[in-house]
Structures are given as structure tokens and as C-alpha cells.
Amino acid sequence: MGTVVAVGEETGVAGFALAGAVLRPAAQADEVRAVWRSLPAGTSLVILTPAAAEALGGEALECRDPLTVVMPP
């Protein structure tokens, strides 16, 4: 399996480190977009906080590779 990356506010993504996810804390919309553009090679799943998903708009959710999911509010 490829890399799992969690993107969003630090308090929202911190727990995913326990499952081996790569954390990419990003609190501001421009930070989220920068993280999205620079995802590590081999990323197969991106977990977004609701705010991170909002910052990316439909771009992330329409993407099939990597698979992208949004945490519930």
C-alpha cells in the first residue's frame, strides 16, 4: 500500500500519526493548497479535515489518484 497523508489543522490530524499516516498540518487555505500540490510520491490516500477540503474545493474530491476522503465534522 502507498503512503497515507492527513492534511488539515494540527489538532484534527495529529491522531493519524498513531496509524502511520504522514501528517501535513495546514491551518490556512493557502497552506492546504501548497501541501496538496506537493504530496509525496506514492501517496495513495489523503485524509482531509473539513476545513482543508473546503480550501481545496472540488479539486480534491474529484481526484481518483490519490483517493481522497473528508473527515466528518
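The legends below describe close-up views of a predicted model. Local features need pLDDT of at least 70 and side-chain atom pairs count only at pLDDT 80 or more, whereas totals for chains, interfaces and linings use all residues. Residues are numbered from 1 along each chain as its sequence is written, and side-chain values use heavy atoms, with hydrogens and water left out.

**View 1. The open sheet of four strands, in the order E2-E1-E3-E4.**
Strands (E, at least two residues) and helices (H or I, at least four) are DSSP runs, numbered from the N terminus. The pairing in the sheet is parallel; two strands pair if DSSP finds at least two bridges between them. E2 and E4 are the edge strands, each pairing on one side only. From one strand to the next the twist averages 20°, taken between axes that are lines fitted to C-alpha atoms, with angles running from 0 to 180 degrees between N-to-C directions. E3 and E4 run parallel and are joined by four bridges.

**View 2. Ile47 in strand E3.**
Ile47 has a relative accessible area of 10% and is therefore buried; buried means under 20%, exposed over 50% and partly exposed in between, with a 1.4 Å probe and protein chains only. The bridge partner of Ile47 in E4 is Val69. The C-alpha atoms of Ile47 and Thr68 are separated by 6.0 Å, although these residues are 21 residues apart along the chain. Leaving aside residues up to four places away in sequence, Ile47 touches Val4, Val5, Ala6, Val7, Phe16, Val69 and Met71, where contact means heavy atoms within 4.5 Å.

**View 3. Two threonines, Thr43 in strand E3 (residues 43-48) and Thr49 in the loop between E3 and helix H3 (50-56).**
Thr43 is buried at a relative accessible area of 11%, and Thr49 is buried at 2%. A polar atom of the Thr43 side chain lies 2.6 Å from the backbone oxygen of Pro40. The side chains of Thr49 and Glu9 are joined by a polar contact of 2.7 Å. A polar contact is a pair of N or O atoms within 3.5 Å; within protein, one must be able to donate a hydrogen and the other to accept it, and residues adjacent in sequence count only if both atoms are side-chain atoms. Beyond four places in sequence, Thr43 touches Thr3, Val5, Asp65 and Pro66, while the partners of Thr49 include Val7, Gly8, Val70 and Met71.

**View 4. Helix H2 (residues 29-37) and its buried residues Val32, Val35 and Trp36.**
These residues lie on the same side of H2 because they cover an arc of only 100° around the axis; the arc is that of the directions from the helix axis to the C-beta atoms. The face turned away from the buried side carries the exposed residues Asp30 and Arg37. The buried residues of H2 pack against several elements, including strand E1 (3-8), strand E2 (22-25), helix H4 (58-61) and strand E4 (67-70).

**View 5. The largest nonpolar core, with 13 residues.**
A nonpolar core is a set of buried Ala, Val, Leu, Ile, Met, Phe, Trp, Tyr and Cys residues joined through side-chain atoms within 4.5 Å. Val7, Val32, Leu48 and Leu56 have the most contacts inside the largest core. E1, H2, E3 and H3 each supply at least two of its residues, and the largest share, four residues, comes from H3. Apart from this core lies another, of seven residues, among them Val4, Val13, Ala21 and Ile47.
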